[in-house]
Amino acid sequence: MKKLLGLIAFILTMSGCQPPPEPLSIVGNAGIGFHPVYAQHLVHPEQHPENINVTMLVSDISVVRMLTNNAADVGMLSLDNALALQSRGGDQYCVARVIFSSHGADAVIAGRSFASKLLAGKPIRVGMEDSTLSRYIMARWLQQTGIDDSLIQRRMLVPNGHASALMSNDVDVIITYAPFTRHLIDDGGLVIFSSQDIPDEIIDVMIVRTQTWDEHRERLLEFATVSWDAALANIAEAESEVMETIAKLSELPQPELLSLMSQIKYFSAAASAEFLQQDFEQTSTLIGDQLINAGVIAQLQRLPVCAGILE
């Protein structure tokens, strides 16, 4: 069989017809920050390298699971989740791009029962995704506000169940991210802490299994730089087809969508390279220390920059 496949490949090469490259799977969560590349994939697939598949998943935990199970080659997820994944051992990853930083898009949102329970020193039920990011925001919220951790009762919920849980008073507080924040706020939830309170700590990155990067560097480098920059150019025009597609994906009207996206600072390929060269190690160490203090990881393992990104 191997000889037959080799013969077919040789014939295709000699005839000038190259076989398509191996498919590569790229996954990210449903956060609004990744929507530009999801919409681009639907509207302008020609702006992506050949045989690149981009899929929007429900949550960061789904992204981590896909990577861990080798069901995906590339993950777009928060830096704290990426560092936790790297520090748990197993497959090794490298970071190919800083995609954006959150300036309010990630938040702790309180329902009507929170204030009275806090004043009375009663247990506070916190709904959150079962992810490193949620635990990180939880730790920073408690740290900055001085709320006693012993009061917190954690309830693990998938993001699309956050709004109903808060509105039905099943929880007192929700930790979530855009676009889910908007639905909670529209229903009367109050933002009591957000990524604006911890600037440049909530950063989302593109990570690649090191072996995959070595084998498919050219296509992945193109996606991490040219394709993502094209996606950012596509959202510069509010009435573009890409923005219309993002509105459909997020189920948000245009004014609310633009308001949410204003809470995100996107990095161009050039800005990403500059951050990776100058600030990435310090930021990773800061986040790693918080993850250790929160008991998420025992020891931080460095996440290196993918080869060729800084050249």
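## A chat about loops, strands and rings

User: Where is E251 found?
Analyst: E251 is found in the loop between α11 (241–250) and α12 (254–261). Keep in mind that this is a predicted model.

User: Got it. What's phi for E251?
Analyst: Phi is near 60° there, a positive value, and E251 is not a glycine.

User: Is E251 buried or exposed?
Analyst: Exposed, with a relative accessibility of 64%.

User: And what about N169, what does its phi look like?
Analyst: N169 also isn't a glycine, and its phi is positive, at about 65°. You'll find N169 in the loop between α7 (162–167) and β8. N169 is partly exposed, at 28% relative accessible area.

User: Switching to prolines. Which way is the peptide bond from A178 to P179, cis or trans?
Analyst: That bond is cis, and omega is near 10°. As a rule, most peptide bonds are trans.

User: Where does P179 sit?
Analyst: P179 is in the loop between β8 (173–177) and α8 (180–186).

User: What about P20, where is that one?
Analyst: P20 is in the loop between α1 (2–14) and β1 (24–28). P20 is exposed, with a relative accessible area of 57%.

User: What does P20 contact, leaving aside its neighbours within four places in sequence?
Analyst: E50 and N51. P20 and N51 are 31 residues apart in sequence, yet their C-alpha atoms are 7.4 Å apart in space.

User: How do β5 and β9 pair, parallel or antiparallel?
Analyst: Antiparallel, over four bridges, with β5 covering residues 106–110.

User: Helices next. At what angle do α4 and α6 cross?
Analyst: Roughly 115°, and their axes come within 8 Å. For orientation, α4 is residues 79–87 and α6 is residues 132–145. The crossing is right-handed.

User: Which residues make the contact?
Analyst: On the α4 side it's D80, N81 and A84, and on the α6 side it's T132, L133 and Y136. Sorted by class, that contact has three nonpolar residues, two polar and one charged.

User: Now the aromatics. How many aromatic pairs are there?
Analyst: The structure holds six. One of them is F114 with W141, where the ring centres are 6.3 Å apart and the planes sit at 45°, so this pair is tilted.

User: Where in the chain are those two?
Analyst: F114 is in helix α5 (residues 114–120) and W141 is in helix α6, so to speak a link between distant parts of the chain, 27 residues apart. Both F114 and W141 are buried.

User: And W228 with Y266, how far apart are the ring centres?
Analyst: They are 6.5 Å apart, and with the planes at 35° this pair counts as tilted. W228 lies in helix α10 (residues 217–234) and Y266 in strand β11 (residues 264–266), so the pair ties together parts 38 residues apart in sequence. W228 and Y266 are both buried.

User: Which aromatic cluster do they belong to?
Analyst: W228 and Y266 form one cluster together with F34 and F100.

User: Last one, T212. Buried or exposed?
Analyst: T212 is buried, because its relative accessible area is 8% and the cut-off for buried is under 20%. T212 lies in helix α9 (residues 210–215).

User: What does T212 touch, not counting residues up to four places away in sequence?
Analyst: L24, D73 and L220.

Key:
Residues numbered from 1 in each chain as written. Predicted model: local features only at pLDDT ≥ 70, side-chain atom pairs only at ≥ 80, totals over all residues. Heavy atoms only, no water. Buried < 20%, exposed > 50% of the residue type's maximum accessible area, 1.4 Å probe, protein only. Axes fitted to C-alpha atoms, helices over the stretch in contact; angles between N-to-C directions. Left-handed = near helix turned anticlockwise from the far one by under 90°. Contact = heavy atoms within 4.5 Å. Nonpolar A, V, L, I, M, F, W, Y, C, P; charged D, E, K, R; others polar. Pairing = 2+ DSSP bridges. Phe/Tyr/Trp six-rings, centres within 6.5 Å; stacked < 30°, edge-to-face > 60°.
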